[in-house]
Amino acid sequence: MLKNPASKYRPFAPVRLADRTWPDAVLARPPVWCSVDLRDGNQALIEPMDVTRKLRLFEMLVDIGFKEIEVGFPSASQTEFDFIRKLIDEDLVPGDVTLQVLTQAREPLVRRTFEAMQGARRVIVHLYNATAPVMRKVVLGLDEDGIVELATGQARLFNELAAQYPDTEWVFQYSPEMFSSTDLAFSKRVVDAVTEVWRPTPQRKCIINLPSTVEHSTPNIFADMIEWMDRHLARRDSIVLSVHPHNDRGTGTAAGEFAVMAGADRLEGCLFGNGERTGNLDLVNVALNLYSQGVDPGLDFSDIDEIRRTVEHCSQLPVHPRHPYAGDLVYTSFSGSHQDAIKKAFAARQPDDVWEMPYLPLDPKDLGRSYEAVIRVNSQSGKGGISYLLESEYSLELPRRLQIEFSQVVQTVMDATGKELTAHDLFDLFEREYGVHSIPAPRHQVLEESAGPTGPLVRLAADVEVSGRRLAVEGAGNGPIDAFVQALGAACGESIRVLDYHEHAIGAGANAQAVAYLELRIGERTLFGVGIDSNIVSASLKAIVSGVQRAQLGNPIQEISCPTN
């Protein structure tokens with residue numbers, strides 16, 4: 001790279017529009033959408049789509065709700081021509097959908113384009129020619145007068161050919177290609193000359209499309225250019241003002257949104273921003289940006305994953321996992337602090353609340369996503385994410401201190417493996433750590449219940465297995481749990497106290513199970529035991545055994561040694 005890039009590159013000149021109004025505009029309704037996936041998107045592919053793939057993508061665009069679809073460049077190849085004829089001849093175009101086709105300002109290509117569209121109900125025919133100084137000088141060899149004559153000559157041919165096919169409703173569209181690097185005064189001159197030929201009316205408008213063929217400026221300058229044209233074009237009330245942003249600077253979405261704020265009526269682009277070089281405007285991005293602001297975009301992305309899969313199949317290009325709204329990971333938080341905030345916000349949210357969720361600009365369920373992938377666990381994750389996954393996938397409502405304890409277990413595994421843990425992985429780890437399903441329920445029997453000096457007194461006998469050793473224990477306490485703790489502590493020669501107790505049900509009816517979480521003080525250690533059983537007392541006893549077993553297996557300094565019987 002140059003130490004002094006100014007020796008080679010020049011900054012883009014700003015538009016002198018001191019009284020600009022677009023920065024105060026609010027997007028309160030969607031623009032007219034035009035998908036150019038089948039033309040601009042297709043020509044950018046390493047391997048252009050065949051007819052089967054193009055038809056599949058066309059049908060999906062219709063299902064999403066696009067009413068204007070640019071289906072090809074019929075004069076470019078026989079494949080393009082045949083696909084368009086298939087749509088028309090086989091009556092595959094719904095009555096409320098308008099096909100759009102593109103042609104350069106060359107007479108043979110224009111004639112071939114009109115020939116391709118015979119029999120169509122309604123067609124947008126899109127004429128373009130380059131207008132930028134570098135194109136006039138280097139490519140076309142024409143001065144400004146020559147460019148205007150080129151454009152108006154082909155515009156007159158449009159009038160002539162349309163008259164030959166009166167059964168089709170023709171809509172004319174003109175693009176001064178490379179508008180983004182054309183002097184505004186000349187852009188106005190050539191556009192006004194074309195509309196003078198076409199003579200649109202408010203009842204029968206033409207489309208003037210202003211492309212940022214190459215992004216040269218910040219999006220605010222492009223918006224100034226659009227507002228300037230919106231103010232100065234002749235016959236503005238008879239024009240649908242359209243923009244076609246590209247993404248060379250990575251600001252295509254902002255340029256498109258700003259352009260609509262500046263007066264544009266219509267946006268051309270592709271799903272997920274496919275297109276030449278860095279791509280076109282991403283229509284999914286703009287539409288869902290509107291949706292997140294409470295504006296119905298008029299496009300249906302309620303199954304975003306299926307749409308993404310179809311586009312990937314047809315284009316043979318992947319959608320990045322971090323792509324806004326559609327990527328695999330865009331609703332996923334790995335960070336512990338993020339996960340904790342999301343978990344708490346979900347817990348506080350009521351069904352009819354306005355969406356106000358940390359780190360989630362819209363509800364993934366609106367796009368057909370489950371909450372399963374919202375929180376995933378890696379080495380950056382914390383207790384909130386871990387507990388969220390166990391609760392959402394396995395209905396385990398871990399007490400806060402247990403969340404802290406188990407997160408340390410998870411962190412140890414993460415540090416060792418460096419891999420992401422799924423909800424299934426977490427449950428397996430939880431199950432192994434606390435012996436949830438490997439510890440058999442102690443067989444217990446209440447021998448006596450009586451009134452003691454401080455309340456009820458229960459005597460209990462139990463057969464229990466701890467770390468593979470079978471014990472027969474007997475003890476007394478103010479209830480079955482207390483009696484079992486006293487009995488097991490006496491058998492092991494170790495003090496065991498219950499510090500805290502939580503329980504809840506999983507499921508309902510005949511298949512319901514109880515989960516017990518007991519925080520225990522065993523000797524000098526404080527830890528949790530967990531038990532699951534159809535009977536709440538059995539679940540609690542299993543939780544006590546879980547804690548004792550964990551203390552025995554996990555404390556090499558002071559093991560509990562329970563004698564065998």
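The 55 positive and 77 negative charges of the chain have mean positions 5 Å apart. The model is predicted. Its chain holds 17 helices and 14 strands. With a radius of gyration of 35 Å, well over the 24 Å that the globule rule gives for 565 residues, the chain is more spread out than a compact globule.

**Overall dimensions and surface**
- The C-alpha trace spans about 110 × 60 × 40 Å along its principal axes.
- The chain exposes about 25,900 Å², of which carbon and sulfur atoms supply 49%.

**Burial and contacts**
- Of the 565 residues, 52% count as buried.
- Among contacts with a separation of 6 or more, 67% are between residues 24 or more positions apart.

**Strand β13 and its partners**
- Strand β13 covers residues 513-522; eight of its ten residues are buried, under 20% relative accessible area, so the strand is largely enclosed by the rest of the structure.
- Strand β12 (residues 496-506) runs antiparallel to β13 and is joined to β13 by ten bridges.
- Strand β14 (residues 525-533) is also antiparallel to β13, with nine bridges between the two.
- Arginine 521 of β13 stands opposite arginine 497, and its bridge partner in β14 is threonine 526.

**Hairpin turns**
- Six residues lie between β12 and β13 in their hairpin, and glycine 507 in that turn has a positive phi of about 80°.
- The hairpin of β13 and β14 has two residues between its strands; here glycine 523 in the turn has a positive phi of about 60°.

Methods. Residues are numbered from 1 along each chain as its sequence is written. This is a predicted model: local features need pLDDT of at least 70, side-chain atom pairs count only at pLDDT 80 or more; totals for chains, interfaces and linings use all residues. Side-chain values use heavy atoms; hydrogens and water are left out. Buried means under 20% relative accessible area, exposed over 50%, partly exposed in between (1.4 Å probe, protein chains only). Helices (H or I, at least four residues) and strands (E, at least two) are DSSP runs, numbered from the N terminus. Two strands pair if DSSP finds at least two bridges between them. The radius of gyration is taken over C-alpha atoms; the globule rule is 2.2 Å times the number of residues to the power 0.38. Contact means heavy atoms within 4.5 Å. Accessible areas come from the Shrake-Rupley method with a 1.4 Å probe; for residues, only the protein chains shown count as cover. Lys and Arg count as positive and Asp and Glu as negative; His and the chain ends are not counted. The place of a charge is taken as NZ of Lys, CZ of Arg, CG of Asp or CD of Glu.
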